[in-house]
Amino acid sequence: MKKGKDTKPHLGIFGRRNCGKSSLINLLAGQEIAIVSDVAGTTTDPVKKSIEIPGIGPVILVDTAGIDDTGTLGQQRVERTRQILSIIDMAILVIMHNRFGSFEEELITRFRKDDIPCIIIHNKSDIEPLDSKLAGKIKQDFGSDILDFSALTKEGTQLELLIDLVKANMPETALMKRTIVGDLISYGDVVLLITPIDIEAPEGRLILPQVQIIRDILDHDGIAVVVKEREVDAHIRRMRPLPSLVITDSQVFQKADASIPRDIPLTSFSILLARQKGDFENYLKGTPQIENLRDGDRVLILESCTHHVSCDDIGRMKIPRWLTNYTGKKLEFDVVAGLSALPQDIRNYAMVIQCGGCMITRKQLIGRLKPAIDAGIPVTNYGMAIAYVHGIFNRAVEVFLKDKHLSGDYL
């Protein structure tokens, strides 16, 4: 399955101002994509560029502002650099002139906290080579080797060493093409997809999760049959063979549940994405906590994938309405689009509801949920929350839990 632009591994380049980060990016990219200047602070905000690294494939390089920037505006740039950690799969920390102090130590501490592998490069070695004592101290204190490097070198060996280090340290999870349904179907299995064409459907095409799942079915030698919700009853009566799996849009869960025989597994596009990208075990634990919502509780809805907002938007309108009707409580809702900052401290929320995340990486989605999970706040997913309030949760997740020890804990 081909990765979308924002689902590629993200490689962040960090360091002080004027340490050669942009030159390094240009070297990795093989072209002038970042502005190189002797003026400190030329890079002001994180800049993304998609490139191909030999042996790894498509990667998003992220050039960041200097971590030692000064002044009010400079501190805002530094904060933007810190925020970018939530989307980074791996980091390259660039130092020069044998300077390694509190700026670098703070970054490495943050990398470790967020489980971000990091390699350290001592750049501009053509001007001042790496001091062996500093290298030994960093190795002892942080367990990291340093590559003595010059982004201006014309020798291919140094670049090859750098690429080898990136390949060795890039997390496997960032490179894995995780299947969506491949482990649920066998050769020749028919999968029925229920896809409403309503006001939220984009003109002339299907939404991204539906396209991704159709492709995954075909990649695993299955047969994808797509129908609108009003054709399900007639189609299922004459369908032979019967589908091995039915996937529905969450908004018509009740209709699908009533139409599809109980012996045929049923789930949703959003729940499939929750299993592929999200923290599925914490979703399973968190979803039933809907029962514990009380008057005045605040619910955070994370709509991480940007899209056109309709008048009856699922995240902004339908989920709040369904949740309020189900609980009978007066709830407050905050909706945050993309990867924007939260309007309140995460501890002010009683529950977090995350979208499927079809347009972001697994690292970005897990990082988005981590503050809530660390704070003990229940997390769930659009599809799982919708299934729960419509009384279909057990059926919707059963296909993933059969013959697994987890099933006794959640069903």
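Buried means under 20% relative accessible area, exposed means over 50%, and partly exposed falls in between (1.4 Å probe, protein chains only). The model in these views is predicted: local features need pLDDT of at least 70, side-chain atom pairs count only at pLDDT 80 or more, and totals for chains, interfaces and linings use all residues. Residues are numbered from 1 along each chain as its sequence is written, and side-chain values use heavy atoms, with hydrogens and water left out.

View A. Rings of Phe, Tyr and Trp (its six-membered ring) pair if their centres lie within 6.5 Å; planes under 30 degrees apart are stacked, over 60 edge-to-face, and the rest tilted. Phe14 belongs to strand β1 (residues 10-15) and Phe111 to helix α3, so the pair ties together parts 97 residues apart in sequence. Helices (H or I, at least four residues) and strands (E, at least two) are DSSP runs, numbered from the N terminus. Phe111 is buried, at 1% relative accessible area, and Phe14 is buried too, at 0%.

**View B. Tyr326, Tyr388 and Phe393 make a ring cluster.** Ring pairs link these residues, and the structure holds 5 aromatic pairs.

**View C. The largest cavity holds about 60 Å³ of space.** On a 1 Å grid over the protein atoms alone, a cavity is a set of points where a 1.4 Å probe fits but cannot get out; lining residues have an atom within 4 Å of a point. Grid points are joined across faces, edges and corners, and the volume is the space filled by probe spheres set on them. Among the lining residues are Ile67, Phe103 and Leu107.

Key. On a 1 Å grid over the protein atoms alone, a cavity is a set of points where a 1.4 Å probe fits but cannot get out, and a pocket is an open set with protein on both sides within 12 Å along at least five of seven lines; lining residues have an atom within 4 Å of a point.
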